[in-house]
Each structure stands twice: as structure tokens, then as C-alpha cells.
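Trainee: I am new to this structure and would like to understand the words used for it. Could we go through them one at a time?

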Amino acid sequence: MNAAPARVTQAADWRLDFPALRQSVHGQPLVYLDSAASAQQPEVVIETVAAYQREDHANVHRGVHTLSHRATEAYEGARDKMRDFINASARSEIVLTKGTTEAINLVAQSFCRPRLQAGDNIVITHLEHHANIVPWQLVCEQTGAELRVAPINDRGEVSIDELYELVDERTLLVGISHVSNALGTVNPVEEVVAFCKGRNVPVLIDGAQGVPHLDIDVQAIGCDFYAFSGHKMFGPTGTGVLFGREALLEEMPPWQGGGDMILEVSFENTIYNELPYKFEAGTPNISGVVGLGASVDYLQRIGMQRIADYEHELHDYMVSQLRDVDGMRFIGEAANKASVQSFLLDDIHSHDLGTILDHQGVAIRTGHHCAMPVMQWFGVSGTCRASLAFYNNRDDIDRLVIALEKAREIFG
Ligand code: PMP
């Protein structure tokens, strides 16, 4: 027997860990192909959060009593797991946020805003999620700086040479996604970082779609900031991480003020806390972060490289099967892709197609995927997007194809 069927069998086992995948929708076993929007959680994450809530919950950092110690240990333990997961060099480089969006806004307001002057610029790409566009627009409006956008080609790949041409001595930062949520394009982030390093330009990577599918090593990538969300990596919503290089985080002022981010407060002089607490004002999402720690343990038990290999094979299968469906138009055909395929079928509106598929138990995402500039570039109002996780298998893809064929019959 060759390796492929063995891996597929393995996925069947992983799938059993996810209670949400055991249900029927509209009388059909659920096929969940919307993990790029939010991934399902394994039993161990759900149970870890529940056990924490039942037995250990108290506020973190400030208490002398036993429950507060336990909560602090669990919360800070999760930070250590995140450090290990992305191979940051120190736990002080792991700022816990409520997600990618908050992490990018933090960098825009704390790193960029104090430094940017009229005439400076920030460089991003045309395939970014709104979370990696609008925070830069806001800070450019606030400072008179310019937002420059590197174009994409008709396969949905960033024109890297044109990106490099946009970087000059007035560039404060380059922001680029690791993997595009709308197109699945994997950007050559190591190459971009190497180029920018040579010019002393910091790089922020939006890793929301990178972390769930690739083995991430921020030191090997060499980036200055890497942002991601817990709910895309099988953890709770309202959790996420900003990795930042310690030297840069040290220089940055706090973004939000409040409890926990201070060492001492008086009306005359307030002394800020050390890293990473300087950036974590107020009571955090403790139970969510504890759950995120459990999801990291779970992913590491399987192994991210194993997940990446399995998904790569499944993605190839999805693309080959979808390509054969009559009336299929792919949006996004980059040479290097992960997890996602966007498409349109005949002239059926994406929302109509999504609804027909839902009635057959198949969950995909439809619309602009928070990437309106990508839609504008391809001249469409939205797309249908099937996105994979390691709990999907070939049967899921076959069910998608059958559902699409049924939709074609319905729409004549
Ligand atoms: N960037 C990318 C590439 C994404 O896919 C998403 C979520 N769709 C985000 C940023 C924003 O993530 P969140 O809403 O969890 O902050």
C-alpha cells in the first residue's frame, strides 16, 4: 500500500476528536469546509476550558490565593506553549491579544504612529485581508504617510519585484500575509524578509492563515512581527498572539492603558510593566488562552509538518476534483497554495450556491472574505471558498463535488 491512503485513514482518526464534525445538517452528515473563517475545536480544547472554568478560574497575576495562582500558571503556561510553537526566542516576545486584528492594530498604533511622518510610507500587497489594510490606512491618515500596494497577477500571486520597487528609504514597515485567506496563495515571506532586512525595513507577517497549516519558525523566517488568531488554529475565539522582536517591543510605548500593564501608578508618574505585560492592559481572555494552550499541545502531538504534508495532498485532490466540474471558474491559481480554493460556478451567485450547498450539509464560505480589493481585482463581487483543515478528507471533497453538480441541475 502506498503512503497516501494511510494518511487518509489517519485523518479519519483526527476527525473523531472534533465533536462538531459528528453532527448532521439538513439531514446530511456535516462536511465542514470553512476552517479559514473559523476552525472547529477538538474535545481536548473544549474540555480544558470547561475544567478551567469549573475548578481553577480566578483573575490572573494579582492574587495571593490558590485559585489565582492556578489561573496564572495556566495562562502563563499557555504563553510558554505559544513561544515554543512558533519558536520565538523569549516569552517576552509573545503578546497575547484577542486575535490577528488586534495584533496588527497594536503594531500600527504603537510601532508606526509615533515614528511615521508625512512623506513616509508603509508597503502592503493587493491580496491582504482587511485586517492588514485598514489599520495601515488609519495610521497613514493620522500621520500623513502614504500606503503603497504591491500588485498581484492573474493567478493571484504578489508581484514581488514590484513590491521591492515600492520599498525605499522612507518605508517604515512592510506588511504581508503568509497565506491569503481569499486565494490560498502562500507568499514567499522568507524572501521578502531577507530583502527588507538588507534595507533595515521591519516586516509584519499576517499569519492568521499560516499558523494553522504550516510549521512556523519566526526565527527562521526572520520577521519582526508575526500576528495570528486562536480560533483559526482550533482554539477559542477572542485569543491571538502578536510575536514581536524584543528589541522593537522594548522601544514601543504601550498601546492601551489600564490594570496589569503598569508597575506603579501615581498622578505624577506611571511606570509601565515589563514585556510582554506592557501590551496587555486589563483582564485578558484567561479561559480562552488556556484553551489555546491545549490546542497547541494537540497540534504538536500530531506535528505541524505532518499536518502540512497531509493538507498539501488533500488540497491537490480538491483542486483536481473541482477542476473537472462543468462551469467551474477558479479564482486564485498561484503555484504555491495552501488550504483554500476560491471559485465561481456558471453565473450562479456565490450566496445562492452557498445556500444550496448548505442544504446538502456542505459548509463553504461565500462573499468577499474580508478581501474586497482582491474581489475588485478579479472583477467579481464575491467567490465561493472551500477551505481545508487536517480533519477533512477525500470524502468531504467528493461530497462537495456532488453538491455542486446538484446545484448545477437546480439552476439549470
Ligand atoms: N488575516 C487573515 C489572512 C485572515 O484570514 C483573518 C481572518 N479571516 C484575519 C486576518 C483576521 O483575523 P481575526 O478576525 O481573527 O482577528
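Trainee: What does the accessible surface of the chain come to, and how much of that belongs to carbon and sulfur atoms?

Mentor: The accessible surface comes to about 16,800 Å², and 48% of that belongs to carbon and sulfur atoms; such areas come from the Shrake-Rupley method with a 1.4 Å probe, and for residues only the protein chains shown count as cover. Please keep in mind that this is a predicted model, in which local features need pLDDT of at least 70 and side-chain atom pairs count only at pLDDT 80 or more, while totals for chains, interfaces and linings use all residues. Residues are numbered from 1 along each chain as its sequence is written, and side-chain values use heavy atoms, with hydrogens and water left out.

Trainee: How do you know that the radius of gyration of the chain agrees with that of a compact globule?

Mentor: The radius is taken over C-alpha atoms, and the globule rule is 2.2 Å times the number of residues to the power 0.38. For 412 residues a compact globule would have a radius near 22 Å, and the chain has 22 Å, so the two agree.

Trainee: Why is Arg385 called buried?

Mentor: Buried means under 20% relative accessible area, with a 1.4 Å probe and protein chains only (exposed is over 50%, partly exposed in between). Arg385 has a relative accessible area of 2%, and therefore it counts as buried, as do 57% of the 412 residues of the chain.

Trainee: What makes the approach of the Arg385 side chain to the backbone oxygen of Asn181 a polar contact?

Mentor: A polar contact is a pair of N or O atoms within 3.5 Å; within protein, one must be able to donate a hydrogen and the other to accept it, and residues adjacent in sequence count only if both atoms are side-chain atoms. The side chain of Arg385 reaches the backbone oxygen of Asn181 at 3.0 Å, and Asn181 is also one of the residues that surround the ligand.

Technical notes. A residue is near a molecule or strand if one of its heavy atoms lies within 4 Å of it.
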